[in-house]
Amino acid sequence: MAKTIPSPPGLPIIGNLLDVSTGGETPLTPLERLADEYGPIYKITVSGTERVVISNHEMFKEVCDETRFFKAAGPGLRALSDLGMFLAQSEKSPDWGQAHRVLVPAFGPLSIRNMFDEMHDIASQLVLKWARRGPSYKIPVTDDFTRLTLDTIALCTMNFRFNSFYQDEMHPFVDAMLAVLSEGGARQKIPKVVQRFMRNRNELVKRNFKLMKDTSEEIVRHRRQNPTDKKDLLDAMINNKDPKTGESMRDELIAANLTTFLVAGHETTSGLLSFAFHNMLKNPSTYFKAVEEVDKVVGKGRITVDHLKNLNYISAILRETLRLHPTAPLISRGPRDENTESPPTVGGFALQKEWPILCLIAKIQRDPKVYGDDANEFRPERMLDEEFDKLPPGAWKPFGTGIRACIGRPLAWQEALLVVAMLLQNFDFRLDDESYKLKIKANLTIKPDDLYVRATLRQGVSATTLQLNLSAPAGGLKETELQRAPTLASRHSDGKPMTILFGSNSGTCQAFAQKLAGDARRYGFHATTHDLDVGMNALPRNQPVIIVTSSYEGEPPDNARQFVAWLDSIESQSLTGVHYAVFGCGHKDWSSTFQRIPKLINGKLEHLGGTRISELGISDASQNSMFEDFDAWVDYKLWPAVHSTFGRVEVSESQKGPQIDMDISTKTRASHLQHDVQQGKVLMAKRLTATGEPEKRHLVLKLPEGLEYEAGDYLAVLPVNPDEVVHRVLNRFSLPWDAVITIRAGGPVTFPENTPTSVSDLLKGFVELSQPATKKNIQVLTEHTSDSSTLEQLDLLASTVYQTEVVSKRISVLDLLELHSQIALPFAEFLTLLPPMRPRHYSISSSPLRDPGTCSITYGVINDESLAGTGRFQGVAGTYLSSLRSGDAISVSIRTAPATFHMPASPSQTPIVMFCNGTGLAPFRAFVQERATQIAANPQQKLAPALLFIGCRSAAKDSLYREEIGQWVAQGAVDVRYAYSSEPDHPGSAGCKYVQDRMTKDRKDIIDLWKQGAKVYLCGSPGLVEGIKTVARGWVEAKEGTDPEKIQKFFESMRNERIAVDVFA
């Protein structure tokens, strides 16, 4: 018996309109979210029409059966007008049949090959535009690729030039087309009876469509009046006859199909190219493999059509791009009239013949049953010819299916291969914003939104030689005509040049780089700071190049990934003449990957011919002394090495003094601090723990429009210092609360220059006031006092007791100034000692399936007696967050977690085991909330088991979300095991004090799930993680033996595959 299709409950009249409303998202996002919630098939009712939505490969393969199902016209454009072959109701349409028979020969291999020179012509216009704009130009990728593909399809198919690269505005056809497509998508969610009364919008649609129609008709009319010998598609439609009927195509039908080519042919290809460059730049190892292939196949000469067949890896990149981001992301199918099933079915679910079936291609092409647990990852190797040929039918269908699949596929493919190859041959690319998170804009097709890149001509290429090369014969220009690529060498005359590159996600390494740049002036150097990726192919020679970077689970920071991949791709001795030093930040609790990226860069630069001028500097965040470690390395290792290599520079007394010139008498704080955050709004705030317990709180906020996240991701929050701490600074320096300062020049790059700024605002939002003082800070303080007792105490603090008396007690520069009134430190120099305010990252504790526009975080608040004896110590971020109330604004961004800390791609097949304590519960609350939402939406879908271990002090006082978790347990979303450290005899704790004790007690359950392929997640304190590791190591030793090397290899092989760890201090 056929099953009933699950469906979200609808409302009278509007049905499921609210379920599919976008709220700033693309129209497909809610459909995909409903698929996550309700499973691979569900039914919705919108505008009085019932529609079925499918999202897995197995069901899609069924509806691709041309004997049972057919292509139905998409709902978005069907209501607007007939656009030729694209939207014919079926292949039975006489117009579709005639156009298809006439045009198929015109899209043959020889015809497409003959279009190459015209494609090269338009691609050359794009290349020259980017070359002339230079590396400082933010390239609007999607817009420029739209110009490219529109001009290409028009020139190749109808010998018409839009000349989009010779004018600032897009051709009116494009604006009209985008308006029509946008309106078509919007009308899917508007009841038809309402559409009749939208007079202004209806009139606008008519005008836009008329402009498109008139453009196409004018092209036909011009060709008839001015015939040519060119055998393009327009010629075929005008002069060729239907081989079946012997009839010619009428002009109205020709114009409709020209519009089809212009719309479908350029929109989808521009999206493909935009997504391909996004994917390559976000996965730089693939980018450099593609560059290597172009260099090998094409070299420096002019690309020819015969080169394209050998671009196998770029073909794989394009295939993988279309798998993840099919630019036509939805296919509409329907049961054929000839289908004799009663009722028709798909996947065993009953259909009605009038129901359209919407196929979510992006979800279907990410089915983990076909593509594995890394189905959401960009991996072009799976699309190389041999692997691609092994894919099951229906697994890759970005061009549609059956007889009505895209007729222009070979044209689009040749154009895309050519453009990618030409661009990689001539430019080095990087993202304008390395932290860019993909945003989608949709007008029935999809493209990246707000995607900008920067392009630098590759070594040996200039705008002049490029223009010659584009028109040169296949051999290209001679080597003597080529030029060297520009570097980052400073042209500033105030001091010797120095380049500082940083790789940073959390802001710490960026702060170090900015601090070093400010200090360099006192040593006679003019330093510039850049993201590490900016150094790709541009490392300057014969000046110090200082690199400050971190590792994240052994991977580079966002703004260093391309640089690291570039080092892996270049030849030995390529960096001769580069003088460098590296400082690395890390955390020893990630023992297997500790300092991996700094060590890799340090070794690679030397291997490639660079000269190391100082030994690798290393800091361990677990020791809470990163700022002190950096200062010590700079003072005792770096500057002596720089002076030894480049000589000392005489500097004036003014350069040696305080580095801020200011008067005591907006650009946003985030932009000055160089942090990419947006304004969210607090919706709800509450305390989770009982009075008297360490305070832990819950905060819910409305996200800024356009921000999306997955369960497991982080929320970055830009906090402000507590008012009490700001008042302490004002009192110490006798400054009124309303004082205004203007920083004239020479200060840290994160301060607003030449802008009157409230001193209270500066102290509150721009600097870290509670950071433990470094030894260098203490040394500066000694220079501003002559009191012998004070000097003696400061000298002691900077000696062997520094770790126990300063770092462990969290004694800040402000604390020292309050404790020692004899220090006469000027306020200007006080500011130079403070690092810039940086964002704090919190694991999101909610699932977007519950509400994609909101998220929650779970955090602790520190408010204890100061160990320095200066009142109370207040944690910066926790104090700030706890002060927020409903309606307050908050500066936030989303920080994507490593892919391994997301839920499995196949939740129905892969069990999960989670270990946490304290606020480490946050990401697992998100995981379980997502599972509970899925079960509530569709009780028929089965999820793999989930086992959660929670450590806290007491069942009644600090067991976070206890009631809510109990409901989820009853629902079957999770099995929970508690360990109460203060109440081990509590029945819920089963005699276990800590999570690792409970782990030992429930060993059998964990082992059983591990054997079923479970993924294991840890989130909590270093003590929790170490305890779990100790127990797990004992289990492995009992099974595999005690060989430490073998044990280590086992855990390293599981890390980031089946074991994901997040440690917080």
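Visitor: Which residues touch the most other members in the largest nonpolar core?

Guide: Bearing in mind that this is a predicted model, the residues that touch the most other members of that core are Phe145, Leu423, Leu424, Phe427, Phe429 and Ile601, and the core has 127 residues.

Visitor: And which helix gives the most to this core?

Guide: That is helix 13, residues 251–282, which contributes 13 residues to the core. As a general point, nonpolar side chains in soluble globular proteins tend to be buried together.

Visitor: Back to Phe145, what is in contact with it, leaving aside neighbours within four places in sequence?

Guide: With those neighbours set aside, Phe145 is in contact with Leu126, Trp130, Ser270, Leu273, Ser274, Phe277, Val419 and Leu423.

Visitor: Which residues does the second, separate core include?

Guide: The second core, which is separate and has 38 residues, includes Val726, Leu762, Leu763 and Ala773.

Visitor: Let's turn to helices. At what angle do helix 8 and helix 19 pack?

Guide: Helix 8, residues 141–158, and helix 19, residues 409–426, pack at an angle of about 130°, and their axes are 12 Å apart. Helix 8 is therefore oblique to helix 19, and the crossing of these two helices is right-handed.

Visitor: Which residues meet there?

Guide: From helix 8 there are Phe145, Leu148, Thr149, Thr152, Ile153 and Thr157, and these meet Leu411, Glu415, Val419 and Leu423 in helix 19.

Visitor: How far apart are the axes of helix 11 and helix 13?

Guide: The axes of helix 11, residues 199–225, and helix 13 are 8 Å apart, and the two helices pack at an angle of about 120°. Their crossing is right-handed. On the helix 11 side the contact is made by Met212, Ser216, Glu217, Ile219, Val220 and Arg224, while helix 13 brings Asp251, Ile254, Ala255, Leu258, Thr259, Leu262 and Val263.

Visitor: How do strand 3 and strand 5 pair?

Guide: Strand 3 and strand 5, the latter being residues 330–335, pair in the antiparallel sense over three bridges, and the bridge partner of Phe70 in strand 5 is Gly334.

Visitor: What about the open sheet that three strands form, in what order do they come?

Guide: Those strands come in the order 4-12-9, with antiparallel pairing. Strand 4 (139–140) and strand 9 (427–431) are at the edges and have a single partner strand each, so one side of each is left without a neighbour in the sheet. Strand 4 is joined by two bridges to strand 12, residues 452–457, where Pro140 stands opposite Tyr452. Helix 13, already mentioned for its part in the core, lies across strand 9 and strand 12 and runs at about 80° to strand 9.

Visitor: Is strand 29 mostly covered or mostly open, and how many of its residues are buried?

Guide: Strand 29, residues 889–895, is mostly covered, with six of its seven residues buried. It pairs in the antiparallel sense over four bridges with strand 20 (residues 678–687), and strand 29 also pairs with strand 22 (residues 714–717) in the antiparallel sense over four bridges.

Visitor: Last topic, backbone details. Where is the cis peptide bond that joins a Ser and a Pro?

Guide: That bond joins Ser342 and Pro343, with omega of about -5°, and Pro343 lies in the loop between strand 5 and strand 6 (345–346).

Visitor: What is phi of Ser734?

Guide: Phi of Ser734 is near 55°, which is a positive value in a residue other than glycine. Ser734 sits in the loop between helix 27 (723–732) and strand 23 (740–745), and Ser734 is exposed, with a relative accessible area of 66%. Asn159, also not a glycine, has a positive phi of about 55°, and Asn159 is partly exposed, with a relative accessible area of 36%.

How values were computed
Residues numbered from 1 in each chain as written. Predicted model: local features only at pLDDT ≥ 70, side-chain atom pairs only at ≥ 80, totals over all residues. Heavy atoms only, no water. Pairing = 2+ DSSP bridges. Core = buried A, V, L, I, M, F, W, Y, C linked by side-chain atoms within 4.5 Å. Buried < 20%, exposed > 50% of the residue type's maximum accessible area, 1.4 Å probe, protein only. Contact = heavy atoms within 4.5 Å. Axes fitted to C-alpha atoms, helices over the stretch in contact; angles between N-to-C directions. Parallel < 35°, antiparallel > 145°, perpendicular 65-115°, else oblique. Left-handed = near helix turned anticlockwise from the far one by under 90°.
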